[in-house]
Amino acid sequence: MRPGIVPALAGLATYIAIAAIVALTVGLYRGSFTPTAPVTVLSPRAGLVMNTNARVTMRGVEVGKVASIEVLPNGQAALHLAMDASQLPLIPANVLVEIAPPTAFGAKYVQLMPPAEPSPQHMHAGQVLDAQHVTVEINTVFEQLTAVLSKIEPVKLNETLGAIAKALNGRGYKLGRALSDLDEILATVDPSLPALSHDLAVAPDVLNAYADAAPDLIRIADNATRVSQTIVDEQHNLDALLISAIGLADIGNDVVGTNRQALTDVLHLLVPTTDLTNRYNQGLNCALAGMIPLATSPPEAFPGVYVNVSFTWGIERYRYPHDLPKVAATGGPQCQLLPRVPMEAHPPFVVTDVGANPTQYGNQGILLNSDALKQWLYGPIDGPPRNAAQIGQPG
C-alpha cells in the first residue's frame, strides 16, 4: 500500500461515521425508526397555520404527528396522522380531538383529550375521528378587522367614538347597573332556554298551520265585522229587546218570589209521586213502548169492527174482605216480555192484590152451573143459586 492512502481512508471513514451519526440522530428526532399507525381526523377546516409534521399530543405527551393534510370535495379537511403504535393501547377509542395553537400566533397542533367516560376499546389503525373544535386564529381576526376598518372613514370613526365617549361620560354607574340588571334577567331566562328552543323548533309547523288557515281566519274576521256592523245598525232594537227581557225578568221574579212558598209545597208534595214514577219507570216504558205497534200498524183492508167472542171457564167469585185491593204494593215493575212479545208467546199471569186471585188456594175451579152464567144466558130465574150439590132442586 502506498504511503498516504491509509490516512486518506481513515479520514473518509471518519466523515462517513459522522454523516451516519447525524443521519441517525435526525431519523431518531423525526421518529423515522418508530413504528406508526395511520389515523384520520376530519375537521371543518385545518386552520391557517397547520403544517405537516405538526405534533399530536395527549395530556402534554407527544403520541404522533401530522403526516399529510388533504382537502376533501365537501370542503372539509382530512388530517392523516402517523400515530405512535406503542401509544395506541393507552388511548381510548372515543377520544376527543381539538385543533389548537400553543399561543395566539403559534402553529397549530392536534390535541387529543380524554372523554368523560372512556370506552373499553382503544384506538386502532385506520380509525376516523371528528374534530370537536378548531380555534380561530388571530390572523383571521386581524384580517376581518382590517377588512372592516378599510371600509370606515377615519374622520367619521373619530366622530362616532367621540360621541360614544361623550354619551358614556359620567354614566358609568348607570351603565354598570344596567349590565347587572341584564345579567339578572339572563339568569332568570336561562332555565327557560330549553322550552324556548323547543318553541322555536316547533314554531315553523305552527306558523305553517296558521298560514294554511289564514283564508279561513280572514273570512271569520270579515264575518265578525259584518256581525258587529249589524249589531250597530240594530242597536235600538237590541236595546228594546234587553229592556223587554229586563221587564220579563222583573215580572218573573215577582211571580216566583210571591209564590215561593206555594211552589216549594208543590215540589215537596210531588216528591212521593216522582219517586214512585221513577221506581216504576221500567214498567211505564214497557207499557208505552208496547202500544207503539198498535198505534203504527196499518189499518184493516175493509171498514168495520172485528170482534172475537168465546166462552171462558168461570173463575173464583169475589170474596169480601179477602179480595179488597191493597195499597203500597212492593212487587216492583213487571214488564213480562213487553214491549216486544215474541210470536206465539203468552206472558205469565202476574198475581196482584187488585181483586180475586184465580190461582189462590181453595179456588173451586170450573163452575159449570154458575148462577151468573145462567142468568147471563137465560135471564133471571127464580130460586136460589145452584151449585153441584143442588142439581135437581127447584130453580
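I worked on a predicted model in which local features need pLDDT of at least 70 and side-chain atom pairs count only at pLDDT 80 or more, while totals for chains, interfaces and linings use all residues. Residues are numbered from 1 along each chain as its sequence is written, and side-chain values use heavy atoms, with hydrogens and water left out.

Entry, H5 and H6. I took helices as DSSP runs (H or I, at least four residues), numbered from the N terminus. I found that the axes of H5 (residues 193–212) and H6 (residues 214–233) come within 4 Å and cross at roughly 55°, the axes being lines fitted to C-alpha atoms over the stretch in contact, with angles from 0 to 180 degrees between N-to-C directions. That makes H5 oblique to H6 (under 35 degrees is roughly parallel, over 145 roughly antiparallel, 65 to 115 roughly perpendicular, and the rest oblique). I listed Tyr210, Ala211 and Asp212 of H5 and Ala214, Pro215 and Leu217 of H6 as making the contact, meaning heavy atoms within 4.5 Å.

Entry, bends. I looked up the bend, which is the angle between axes fitted to the seven residues ending at a residue and the seven starting there. H5 bends by about 40° at alanine 203, with proline 204 following within four residues, and H8 (residues 260–279) has a kink of about 35° at valine 271, shortly before proline 272.

Entry, salt bridges. I searched the whole structure and found three salt bridges, each a side-chain nitrogen of Lys or Arg within 4 Å of a carboxyl oxygen of Asp or Glu. One of them joins aspartate 181 to arginine 177, with the closest N and O atoms 3.6 Å apart; these residues are separated by about one helical turn because they are four residues apart in H4 (residues 172–189).

Entry, backbone. I noted a cis peptide bond between leucine 338 and proline 339, with omega about 5°, and a positive phi of about 50° at glutamine 336, which is not a glycine. Proline 339 lies in the loop between H9 (281–296) and H10 (371–378), and glutamine 336 is likewise in the loop between H9 and H10.

Definitions and conventions:
Helix = DSSP H or I, 4+ residues; strand = E, 2+ residues; numbered from the N terminus. Expected span 1.5 Å × (residues − 1).
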